[in-house]
Amino acid sequence: MTTTATSEVISLRGITKAFPGVIANDDVSLDILSGQVHCLLGENGAGKSTLISILAGMQQPDSGSVSIGGSVVDISSPKVAVDLGIGVVHQHSTLVPAFTVLENLMLGESGVMLDKKRATERLGELADLLGVEIDPHALTADLGLGQQQQVEIAKAMWKGSRLLVLDEPTSMLTPQAIEHLGESIERVKERGLAVVLITHKLREAYAMGDCVTILRAGRNVGHISVEELAAYSEQQAQDAILAAMFGDDLAAGGGADAVSDLEEAAELAGATAATREIPAIDFDSRPVRLELRDVSSKGGGRDIEAEGVSLTVREGEILGIAGIDGHGQGALSELVAGQRSASSGTVLFDGDDITRTGVRSRQQLGVRYVTDDRLHEGTVGSMSVALNLVIKRIGQAPFWRFGRIQPKAVDTEAVRLIDEYGIRTPSPATRAGTLSGGNIQKILLARELTNGARLVVVNKPTYGLDLKTVHLVRELLIDFAAGGGSVLLLSTDLDELIELSHRIEVISRGRLVGGVVNDGVGTAEKVGHYMTGAIEGTD
Amino acid sequence: MTIPNETTTAQRFATGFVRSVVPVLLALIVAGLIMLAMGSSPLDFFAGVWKYGITGTNWQRSLSLMAPLVIVAVGLIVAFRGQLWNLGYNGQYLLGAVVASGLGPILYGVMPAFLATIVVFIVAVLVGAVWSLIPAILKARYGTNEIITSLVMSFIAVGVVNLLIKGVFKDPGTSTPQTAVISDDDLLPYIPGTEIHIGFIIAIVLAVVAQYVLSRTSFGLRVDIFGASPKAARHVGLNSTWMVILLFALSSGLIALAGSVDILGQFAYQRADWDPRYGDAVMPLVFLARFRPVAAIPFVAFYAVLATGGTLAAQQAGLNVDFLLVIVGLILLFMTVTEYIGERRRLGQSYLPPGLRRTVLQPFRKATERTSA
């Protein structure tokens, strides 16, 4: 690795951090130079987040050191990190919605009195620097997500940053907002700050980054220096990154498979714009399986309710629901699954009114639900894999007879599903909570897609999974639809929706605000347009 | 990225045993130290516990005491398995007791003892169950914290019971506020050849049945799912309102049954302001037993011996009888510590809390960093 004498360098040397059962970072070394955008690439679980939480002072490494400009620093707390000028923008908003922009920015102030005048000036400076306009007195809750993120960046740079870390900054943004973000990053870079950009989308790394470091299974497996990246064509860069990201996996394919594997990997890593992968269906010839007529939901909680939702899903159709996280997706899926009651409207399944039907009856009719909270709602972590696989059929033969559990029948069924869905578990008796996220998701799919499933609601099915499992999950959903099943797919990942859906509806604040038939180019922009229109108001 | 977390049954059993017995031993040791500090001899005390709790026919008194304790334990376990913290046990117990001591003398006059006993038991269970409806419904409908509501209902129950004993159930034959004494012939019969009443057998049977139901049936699995995660329970399609009410009713009904068994087997009458507070002592024990009814039996037996022998032994050692509760409190304390350490060990972490470890290792860490930099 190269270091230049003129610009300051933040060096990580031999960082190792282990959690029970997982080595999140294994001897990771890298240099972050000022005036550069350093991209950290790697799939979920590669150790990107651990590395930045070490930089942010939220975790301490088991071994290894961080040095700034040659002298070793001990980032023992987030406060130390801030004092050193390391600002982190986390993936999920850390702003207090009920506070104004200015109040949010001043949260970290240590003085006794609030110096609003100075704070306003500082915000002005930063807004200039970022090239955005931020109203200091606007309530954070009223801002669009793109603007909220700008406020987060301003907050990270509040104390005069040396290093700005952006953790998956594009994951919640519309295509339009991503462009704005790119411009802001350029300006920050010109000011001589170092920027670390974390992403799992290859094309963003190429577009925004000056150099790229690839992490896999906690190790630094590849680095593309500034000179190399500048010299590469987009295709060359892509190949180099993919080779590092998937290394052995791709090589192991061998022969003709290798080509298709490489393409597949490229697609999963978001190297190219997404295209639809599912064969078209003739809507008119397919009977309607699920119909919602002006349905509003009513739950006890504080999350956003579905309001006046009307939609139809036909046999063999995948209907995608796009939207920013927390805009009523949970309410809509629970409404269809029967976990949340409807305050008005009608839910029809195969033409029958099931508005008042409970979860278990819907389950038997073939309405299934793969929840996004797979750890606490979808499975019971303290119970065995086998029990989790039959948990929705409690009391039913052949698993229970006269109320008494039949361990043999449960085991047989579990072994069958474990084989069929390739769930990697030491045994059916292993506690489900000890499995990886991907294998837990396979438990959910094995349970929900079998035994007479006719309609499955899937909420964020690939969130937080490794790329192989992502691919598998998508294949399973495509196969399910091809076999005549209907899918209501709720996702925040636009690429995923475009790959899988026949049609895409956009949800915002619990209402469906527009629909797009996914039949060619421009779907992403159209969906983005609906999302922007609904969320950012006029702009 | 999973760890092979499989352990053999023997290993699991061993850890469970260690984690359950260690707190008890530590509590006894520290209690001994406290006795030393207070100028009493711990050896005398523990010898006294042995003498008055086990030797001669004293073991029979200990087993008789176990009857209500085991039933209370089962009642608590039923609720705790569903993560419902029914702390209204004192009131529920006294309600059951007053049904026996108040209704008993009347019923035994008009019907055969066998039938009257059955009626008393059924009424006791019903009264306990009905009394728990208020905390249960508040919890199910509005999410009110059941710890507070059940505790408050317990205070009310204690008051109501005292009013009944001083009022309608008062024995006109005596001046002290107490109920009429039930004649020996009407009390629960002894197990042949002993002086242990059959309440002991009822308690053991209840524990075994509860163990079977909770671990082998679909109902038990539903309770466990509900306890592990109400969200998962909703996802699976369980009716959580019904579950809360049912578990609370079962728990409270069982504890009330313990009260009636205790009166009909042991005391034969009830005085006002009498409150043995069995639940306070049993609660840490059911945690030690990891909410398994059968596993609770040895712990309850241990406590029964301690309580039976300890009362006299404490007096001889010059201690207050309340010292027994000190020991129970210490068990609770050490249990928390053992759990914490055991959990960290299971996760493969250091025994020390992270903050403490950092502080302790600080000087050494600095040195190594300097050399590496």
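**Figure 1. Domains of chain B.** The domain assignment divides chain B into domain 1 (62-321) and domain 2 (330-354). The model shown here and in the other views is predicted. Taken over C-alpha atoms, the centres of domain 1 of chain B and domain 2 of chain B are 31 Å apart. Chain B holds 15 helices and 0 strands. Its C-alpha trace spans about 90 × 60 × 35 Å along the principal axes. Chain B has 373 residues, and 43% of them count as buried. Take the contacts in chain B between residues at least 6 apart in sequence: 79% of them join residues at least 24 apart.

**Figure 2. The largest nonpolar core, seen around B:Val300.** This core has 187 residues. B:Val70, B:Ala73 and B:Val300 have the most contacts inside it. Helix 11 (residues 240-267) of chain B supplies the largest share of this core, with 15 residues. A second, separate core has 65 residues, including A:Ile15, A:Ile86, A:Leu202 and A:Ile241. In soluble globular proteins, nonpolar side chains tend to be buried together.

**Figure 3. Packing of helix 8 against helix 9 in chain B.** Helix 8 (residues 199-216) and helix 9 (residues 218-228) of chain B pack at an angle of about 70°. Their axes lie 5 Å apart. Angles of 65 to 115 degrees count as roughly perpendicular, and helix 8 of chain B and helix 9 of chain B are therefore roughly perpendicular to each other. On the helix 8 side of chain B, the contact is made by B:Val213, B:Leu214, B:Ser215 and B:Arg216. On the helix 9 side of chain B, B:Phe219, B:Gly220 and B:Val223 take part.

**Figure 4. An open sheet in chain A.** The sheet has 6 strands of chain A, in the order 16-19-20-13-21-22. Their pairing is mixed. Strand 16 (367-370) and strand 22 (511-517) of chain A stand at the edges. Each has a single partner strand, so one side of each is left without a neighbour in the sheet. On average, neighbouring strands of this sheet are turned by 20° against each other, direction ignored. Strand 16 of chain A pairs with strand 19 (residues 455-459) of chain A in the parallel sense, over 4 bridges. A:Tyr369 stands opposite A:Val457 in strand 19 of chain A.

**Figure 5. Helices packed on the sheet of chain A.** Helix 11 (residues 329-337) of chain A touches strand 13 (318-322), strand 16, strand 19, strand 20 (486-491) and strand 21 (503-508) of chain A. The direction of helix 11 of chain A makes about 160° with that of strand 19 of chain A. Helix 17 (residues 467-482) of chain A also packs on the sheet, touching strand 13, strand 19 and strand 20 of chain A. Its direction makes about 150° with that of strand 20 of chain A.

**Figure 6. Where domain 1 meets domain 2 in chain A.** The domain assignment of chain A gives domain 1 (9-231), domain 2 (234-272), domain 3 (282-366 + 453-539) and domain 4 (373-451). In this view, 15 residues of domain 1 of chain A are in contact with 12 residues of domain 2 of chain A. On the domain 1 side, helix 7 (202-208), strand 9 (211-216) and strand 10 (219-224) of chain A each give two or more residues. Helix 7 of chain A gives the most to that side, with 4 residues.

Technical notes: Residues are numbered from 1 along each chain as its sequence is written. Chains are lettered from A and ligands numbered from 1 in the order in which they are written. This is a predicted model: local features need pLDDT of at least 70, side-chain atom pairs count only at pLDDT 80 or more; totals for chains, interfaces and linings use all residues. A nonpolar core is a set of buried Ala, Val, Leu, Ile, Met, Phe, Trp, Tyr and Cys residues joined through C-beta atoms within 7 Å. A residue is buried if 20 or more other C-beta atoms lie within 10 Å of its own, exposed if 12 or fewer, and partly exposed in between; C-beta atoms are placed from the backbone. Domain bounds come from an automatic or database domain assignment. Two residues are in contact if their C-beta atoms, placed from the backbone, lie within 7 Å. Two strands pair if DSSP finds at least two bridges between them. Axes are lines fitted to C-alpha atoms, for helices over the stretch in contact, and angles run from 0 to 180 degrees between N-to-C directions. Angles under 35 degrees count as roughly parallel, over 145 as roughly antiparallel, 65 to 115 as roughly perpendicular and the rest as oblique.
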